[in-house]
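Work through the exercises below with the sequence and the structure side by side, and try each task before reading its solution.

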Amino acid sequence: MKSFLNVDDIGDLSVALAEAQEVKRDRFANQQLGKNKTLLMIFFNSSLRTRLSTQKAAMNLGMNVIVLDVKQGAWNLETERGVVMDGDKAEHLLEAIPVMASYCDVIGVRSFAKFENKEDDYSEKIIRQFIEYSGKPVFSMESATVHPLQAFADLITIEEYKRKERPKVVLTWAPHCRALPQAVPNSFAQWMGAADVDLVIAHPEGYELDEKFTKGAALITHDQNLALDGADFVYAKNWSAYSDPNYGKILSRDMDWMITADKMALTDNGYFMHCLPVRRNLIVTDEVIESPNSLVIPEAANREISAQVVIQRMLEN
Ligand code: CP
């Protein structure tokens, strides 16, 4: 695997899920694979889970790890070609990428949508430059439009907790105080659309996601209660508008979309999921996230597993 952004990059999902279980059985079985190899993790944005779980996964594989917080100590990076660099950006990404690549064997990049230019965000302009100019395997640690390590961990979790061969999985928009990217819902929809589940997506009007990611959904509705009816898994997430002319904007703050105990009562004793970090009593009530049906902690723990499968594949290449 040379790059990891989309579900197609991982191939057969049943094979990937089997590899995840192999890693869980013995996460130190491939310590030799990463010996004397280095993972470079580059963060243009903050992280808790991705940073720790991916570092732990690389350590499980015997790798050395370098973490670069671009905003804390690195030169401010210019990302546009043709710019007269007389401002606050001292180094161009086109030099920085091959330099960074010379110190490592595998690269992870976190670079969120900037909401300045939809075309730049949806062409994955930053991480695509790493793929093109580094000469090293590159994986997304949440880039502008996708968060595949999260979606893979979510799928591992659903596989572990499902009580039916083909569970009903609901991705529902929930309210938030800030404009958030579409990366998590895009990837969740894409991965669930490819998995053996019935995916239903619920959101208020104006929050339609890119069809490229949602085409595998059985139903997309503006009726959250309809979506939750009989659900086995409820995946709550806020996202900002994708469609023009409202790209990156907040269109609704409707608190009726928050996941409450009453909403969960519509499900088939369904599990609650969220990628974290989550703003309590905006997205979900304390009661639901603290309930026995909340999977947020095992879901986060599976981030180590999804990262390890991906890095392992890159090292095997
Ligand atoms: N879910 C997730 O990616 O968490 P972090 O932003 O803390 O890495």
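## Exercise 1: The largest pocket

In this predicted model, find which residues lie nearest the centre of the largest pocket, and describe its lining.

Solution. Begin with the lining, which is made up of 30 residues, and pick out Phe 112, Glu 142, Leu 180, Pro 181 and Pro 277 as those that lie nearest the centre of the pocket. Next, look for the elements that give two or more residues to this lining, which are helix 2 (49-60) and helix 7 (183-194).

## Exercise 2: Salt bridges and the parts they link

Determine which parts of the chain are linked by the pair Arg 51 and Asp 69, and which by the pair Glu 80 and Lys 125.

Solution. The whole structure holds 17 salt bridges, and one of them joins the side chains of Arg 51 and Asp 69, with 2.6 Å from N to O. Placing the two partners shows that Arg 51 is in helix 2 and Asp 69 in strand 3 (residues 64-69), so that distant parts of the chain, 18 residues apart, are linked. 

The side chains of Glu 80 and Lys 125 also meet in a salt bridge, at 2.8 Å from N to O. Because Glu 80 lies in the loop between strand 4 (77-78) and strand 5 (91-92), while Lys 125 belongs to helix 5 (residues 125-134), this pair ties together parts that are 45 residues apart in sequence.

## Exercise 3: Accessibility of a bridged pair

Decide whether Glu 159 and Lys 162 are buried, partly exposed or exposed.

Solution. The side chains of these two residues meet in a salt bridge of 3.3 Å, N to O. The cut-offs needed are under 20% relative accessible area for buried and over 50% for exposed, with partly exposed in between. Glu 159 has a relative accessible area of 37% and is therefore partly exposed, and Lys 162, at 22%, also counts as partly exposed.

## Exercise 4: A nonpolar surface patch

Which residues form a nonpolar patch on the surface, and where in the chain does Tyr 103 lie?

Solution. The patch is formed by Ile 66, Val 99 and Tyr 103, which together have about 290 Å² of accessible area. Tyr 103 is found in the loop between helix 3 (93-101) and strand 6 (106-110). With a relative accessible area of 57%, Tyr 103 is exposed, because exposed means over 50%.

Terms used: Residues are numbered from 1 along each chain as its sequence is written. This is a predicted model: local features need pLDDT of at least 70, side-chain atom pairs count only at pLDDT 80 or more; totals for chains, interfaces and linings use all residues. Side-chain values use heavy atoms; hydrogens and water are left out. Patches are made of residues with over 30% relative accessible area and no salt bridge: like charges are joined within 9 Å, nonpolar side chains (Val, Leu, Ile, Met, Phe, Trp, Tyr) within 5 Å. Accessible areas come from the Shrake-Rupley method with a 1.4 Å probe; for residues, only the protein chains shown count as cover. A salt bridge is a side-chain nitrogen of Lys or Arg within 4 Å of a carboxyl oxygen of Asp or Glu. Helices (H or I, at least four residues) and strands (E, at least two) are DSSP runs, numbered from the N terminus. Buried means under 20% relative accessible area, exposed over 50%, partly exposed in between (1.4 Å probe, protein chains only). On a 1 Å grid over the protein atoms alone, a cavity is a set of points where a 1.4 Å probe fits but cannot get out, and a pocket is an open set with protein on both sides within 12 Å along at least five of seven lines; lining residues have an atom within 4 Å of a point.
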